[in-house]
Amino acid sequence: MIGTILGSGTGIPSLQRHAPAYLLEVAAKRWLIDCGSGSLLQLERIGKPFSTLDGLWITHTHADHVGELSALLHALRMPGLQRQKPFHLFGPAGFIAFFRQIVVPVVAVPEAFPFFVSEVTERQSLGELLVQSSVVSHSERFESRSYRFDYAGKSIVFSGDCDYDPRLRQLAAGADLLIIDCSTLHAGKVKGHLSAREAGKLAAEAEVKRLILSHLYPIDGREDERIEECQSQFSGPLALATDLMEFAV
Ligand SMILES: [Zn+2]
Ligand SMILES: [Zn+2]
């Protein structure tokens with residue numbers, strides 16, 4: 001499995017960090033995890049345009065994670081698009097209602113190829129790819145999920161936005177790579193998100209093999225302190241996400 005961090009930032013507009021989005025390439029398919037604003041241009045930049053996607057996994061419906069969902073669907077309806085393969089859109093419980101109420105009123109679903117919208121179950125197989133998910137604590141208004149992708153003996157977990165939660169520890173147990181919410185340093189912890197210290201603690205408890213800290217709120221001149229704080233808990237390989245950073249397991 002390989003992938004690219006399209007957006008390592010948050011809902012705060014930044015020229016350095018786009019809103020959350022990740023490309024995952026596995027078994028000759030391309031999946032997006034979340035679709036924050038800027039995702040489509042980031043895909044253009046790496047030469048893997050939106051039209052080549054097989055689908056999208058939404059962790060939760062905060063605007064920084066779904067900001068470009070309507071634009072993606074709109075682009076998929078443009079005339080002249082050479083695309084026949086199906087598109088699968090997955091989200092947490094409540095996502096279908098969100099889709100009907102918020103997305104469909106501004107863009108019709110594509111008709112030139114099969115298009116599916118579904119709410120995820122805890123465990124689903126797509127050919128050889130196993131996708132597991134877990135509800136995690138983040139928002140009191142709607143469900144948030146973390147996703148784990150297993151293929152050919154390797155695993156990548158995307159936490160989405162979450163606070164310290166044993167359910168993420170369980171989902172991420174032994175994973176080859178965990179890309180985790182690390183919004184702030186512990187001194188500036190925001191409810192519903194992990195601090196660098198908590199991210200490290202959770203990764204250590206889950207015994208993940210490698211960790212990438214993402215969903216990074218701007219911290220003026222002190223971003224690298226996240227690494228030190230995380231290393232006080234987690235001794236494995238660790239990196240701070242940057243936009244267009246590639247990863248592989
Ligand atoms: Zn977020
Ligand atoms: Zn959120």
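Before the points, some ground rules: this is a predicted model, with local features needing pLDDT of at least 70, side-chain atom pairs counting only at pLDDT 80 or more, and totals for chains, interfaces and linings using all residues. Residues are numbered from 1 along each chain as its sequence is written, chains are lettered from A and ligands numbered from 1 in the order in which they are written, and side-chain values use heavy atoms, without hydrogens and water.

1. The whole structure holds 13 aromatic pairs (rings of Phe, Tyr and Trp, the last by its six-membered ring, with centres within 6.5 Å; planes under 30 degrees apart are stacked, over 60 edge-to-face, the rest tilted). Trp57 and Phe90 are stacked, because their ring centres are 3.9 Å apart and their planes at 15°. Since Trp57 belongs to strand 4 (residues 55-57) and Phe90 to strand 5 (residues 87-91), the pair ties together parts 33 residues apart in sequence (strands are DSSP runs of E, at least two residues, numbered from the N terminus). Both Trp57 and Phe90 are buried, meaning under 20% relative accessible area with a 1.4 Å probe, protein chains only.

2. Phe149 and Phe158 make an edge-to-face pair, as their centres lie 5.8 Å apart and their planes at 85°. Phe149 is buried at 0% relative accessible area, and Phe158 is buried at 1%.

3. Do look at the aromatic cluster, whose members include Tyr22, Trp31, Tyr147 and Phe247.

4. Arg17, in the loop between strand 1 (2-7) and strand 2 (21-26), is buried at 11% relative accessibility.

Definitions and conventions
Helices (H or I, at least four residues) and strands (E, at least two) are DSSP runs, numbered from the N terminus. Buried means under 20% relative accessible area, exposed over 50%, partly exposed in between (1.4 Å probe, protein chains only).
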